[in-house]
Amino acid sequence: MMKFQQQKGISLVELMISITIGLILMTGVVQLFLSSRETFSSQQALARVQESGRLAMDFIAGDIRMAGFMGCGSRRPKVFNTLNQDALLAYSYKVSIEGQDDVSDSPDGYPDVLDGTDILVVRSGSGSSLGIAEMNDANNVYARFTSDVAPCGENQTGSSGICSGDILVIANCNAARVFQATSVVGVEADGKVTIAHAEGENPGNAVTSWGGSDDPTSVESFGTDAQILQMKTTVYYIAEGSSGLPSLWQEVNGLVAQELLEGVQDMQLVYGVDSGDDGTPDNYKEADDISAAEWERVTSVRVDLLVQSTDDNVLPDPQPYSFHGDTVDDPGDRRLRHVFSSTVAIRSRVY
């Protein structure tokens, strides 16, 4: 057994050396941890930015492609809008696509839009189409009965997916008419749904009597070769989101706008105008440079989106970026940013 006098510990010098070596190793471990954490944060931010940009482009591009869709008559049909207030943004269905460029001073109906960003408005038929059971008369359209199911409110009538108050379009390969259904009654035994277009309200019909002719070229008569679709007006814009960051917003048919994607900082649009009537854009213009007559000649839209990370300080230094011809050397933060660009053709206007 070792005597007490023979037991030895470590000296102060050895202790200091051990502590020094331990500190060096811990410093390396901490640096490795911080580096890994920084890499993880930047990679996570990049993944979220890419996901937001891809989804935003998918939403916008999907609606652009379907602009002006009205079944057989989609390719620049004769569109007759029988609604009241047909010049308002929500009801101007003769114009399939339009926009506002670099908005400022709170545009009517959209006071929250961020200054300097663009607004896109797309109109088209949507949802499942209904066939026509028989030629319409002066006061009613007769669709084929499919079911008693319709997502209607308490004071609405409905059948086969259509409710009174819906904005509809009836179209064949010759023409299309937009109207508001004021009464929808389906009878399974008759195999048809009677859709009235009386005066109505909000917005109501300015023209309440049309149809009754057997002339297949008439712009008021629609036989069994026609179909009925619900009309949809979709508006995209950039505004502050619930977190305080800029976001992409979507408004459908004048209902409460929905915040789609957080971190979409800017949206810029240019429109391909077909001057030669061959389905190919001859030049690209911003919205302010397009005349009222030229909107129906827009065959494609070039969409540029600037998406930023939702978290700050994910980069070691501020990230300079270029967007829509402008370069920002110091954005004032250390967020990750990425530009997404795509040129989208309007299917009904290309050959």
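Helices (H or I, at least four residues) and strands (E, at least two) in this report are DSSP runs, numbered from the N terminus, and two strands pair if DSSP finds at least two bridges between them. This is a predicted model, so local features need pLDDT of at least 70 and side-chain atom pairs count only at pLDDT 80 or more, while totals for chains, interfaces and linings use all residues. Residues are numbered from 1 along each chain as its sequence is written, and side-chain values use heavy atoms, with hydrogens and water left out.

Serine 164 sits in the loop between β6 (162-163) and β7 (167-171). Is serine 164 buried or exposed? It counts as buried, because its relative accessibility is 9%; the cut-offs are under 20% relative accessible area for buried, over 50% for exposed and partly exposed in between, with a 1.4 Å probe and protein chains only.

Next, the open sheet: four strands in the order β15-β14-β16-β19, paired antiparallel. β15 (283-285) and β19 (337-345) are the edge strands with a single partner each, so one side of each has no neighbour in the sheet. On average, neighbouring strands here are turned by 25° against each other, direction ignored; the axes are lines fitted to C-alpha atoms, and angles run from 0 to 180 degrees between N-to-C directions.

β14 is largely enclosed by the rest of the structure, because 10 of its 10 residues are buried. Nine bridges tie β14 (residues 264-273) to β16 (residues 298-308), and three join β14 to β15. Here are some of the bridge partners:

| Residue | Bridge partner |
|---|---|
| Glutamine 268 | Aspartate 304 in β16 |
| Tyrosine 271 | Valine 301 in β16 |
| Tyrosine 271 | Lysine 285 in β15 |

Most residues other than glycine have a negative phi, and most peptide bonds are trans. Serine 160 has a positive phi near 55°; it lies in the loop between β5 (158-159) and β6 and is buried at 8% relative accessibility. Histidine 324 also has a positive phi, near 55°, but counts as partly exposed at 31%. Asparagine 202 and proline 203 are joined by a cis peptide bond with omega of about 5°, and proline 203 is in the loop between β10 and β11 (227-240).

Where is glycine 71 found? It is in the loop between α1 (12-65) and β1 (78-81). Its C-alpha atom is 6.7 Å from that of alanine 171, 100 residues apart along the chain.

Finally, the largest pocket holds about 300 Å³ of space. Of its 14 lining residues, Tyr91, Gly165, Asp166, Ile167 and Asn253 lie nearest the centre. On a 1 Å grid over the protein atoms alone, a pocket is an open set of points where a 1.4 Å probe fits, with protein on both sides within 12 Å along at least five of seven lines, and lining residues have an atom within 4 Å of a point. Grid points are joined across faces, edges and corners, and the volume is the space filled by probe spheres set on them.
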